[in-house]
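The exercises below concern the packing of one protein chain. Work through each task with the structure open before reading its solution.

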Amino acid sequence: MKEAATAYPTSLRDYLGGAGESALQQAYQIGRRALEAGTGLVAIADIHHSCLRELLAHDVGMDERNRILTGAAQFFAECISPYEMTYGGFREANTALRHFNEVLEQEAKRIANALHDEAGQLLVAVYIALQDLCHEVPAVQPQILKVTQLLDQIEVQLRRLSHELMPALLSDLGLVPALRYLFEGLAQRSQSQLQISFEAVPEERLPRRVETTLYHVAKEALHNVIKHARATAVWIRFQQNADSICCCIRDNGTGFDPASVAARQGEQGFGLIGMRERLSVVGGFMQINSGRGTELVITIPVEN
């Protein structure tokens, strides 16, 4: 910020004095260094307007005034061009990320169908084979019964895994029923005694992309609560505004340091990077408050 405030007026005067292309190159370099330093566009605009006020503080003729305004506009446009290129790159990356996310969703749907249909058909074949064996060798019937009971458990788990990957309930009934079913499955597999409460649930269905994003982010959050928080209760509350939906997930667990955890990779990072990346695809963001318990505040814009 300080470097830009010092260099901008000098380079602008050089350009208005006829320095030409070399001064425009200086404008570009000022913008590039300001961008790298984290200086915002508003700050650059303030510097530009301050220079204009100084240049036009004295009485000048109309032609000279127009020359200054035109030249200053060209200089300013060159200065902010690094911001424009960065924004364009971000927009392209976001479009690519959105496409990649859609591909992942389709792949998750394919795997979910394979778990539900193909694996289910294989289980049916195993059931039939065991029944045939039981008829041919009656003595093994007690052992066959134990194996059948294990297969029953496998079938239940496959159905739940299929649901968690791409829940049919999400498409058919909406976000809250899908989350309830998800939590029941997570709690059963982990043998957790965690109690979950839903508050102020949306009265109407949300856009498909918003519901899918909230579902997967909430799934990761609930997984973290069960595995790491040592909590006894979790509350999920929704607040719908005119242009956004807010989902607050709060638990009464041990809490953690968000800054140190967010810097980690993999399992020890609690999936926070992935959650934020998934939210960024739909223009959403997440705030983490943790101390005695943890609160995730997830906000996603919703088009009217």
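**Exercise 1.** In which helix does Thr213 lie? State whether Thr213 counts as buried or exposed, and list its contacts.

*Solution.* This is a predicted model, in which local features need pLDDT of at least 70 and side-chain atom pairs count only at pLDDT 80 or more, while totals for chains, interfaces and linings use all residues. Residues are numbered from 1 along each chain as its sequence is written, and side-chain values use heavy atoms, with hydrogens and water left out.

Step 1. Thr213 lies in helix H9; helices (H or I, at least four residues) and strands (E, at least two) are DSSP runs, numbered from the N terminus.
Step 2. Thr213 counts as buried because its relative accessibility is 3%; buried means under 20% relative accessible area, exposed over 50%, partly exposed in between (1.4 Å probe, protein chains only).
Step 3. Leaving aside residues up to four places away in sequence, Thr213 touches Arg278, Leu279, Val282 and Ile300, where contact means heavy atoms within 4.5 Å.

**Exercise 2.** Describe the largest nonpolar core, then find what Ile298 touches.

*Solution.* Step 1. A nonpolar core is a set of buried Ala, Val, Leu, Ile, Met, Phe, Trp, Tyr and Cys residues joined through side-chain atoms within 4.5 Å.
Step 2. The largest has 39 residues, and Leu214, Phe238, Ile249 and Ile298 have the most contacts inside it.
Step 3. Among the elements that each supply at least two residues of this core are H9 (208–229) and strand E5 (293–301); the largest share, nine residues, comes from H9.
Step 4. Not counting residues up to four places away in sequence, Ile298 touches residues including Leu214, Val217 and Phe285.
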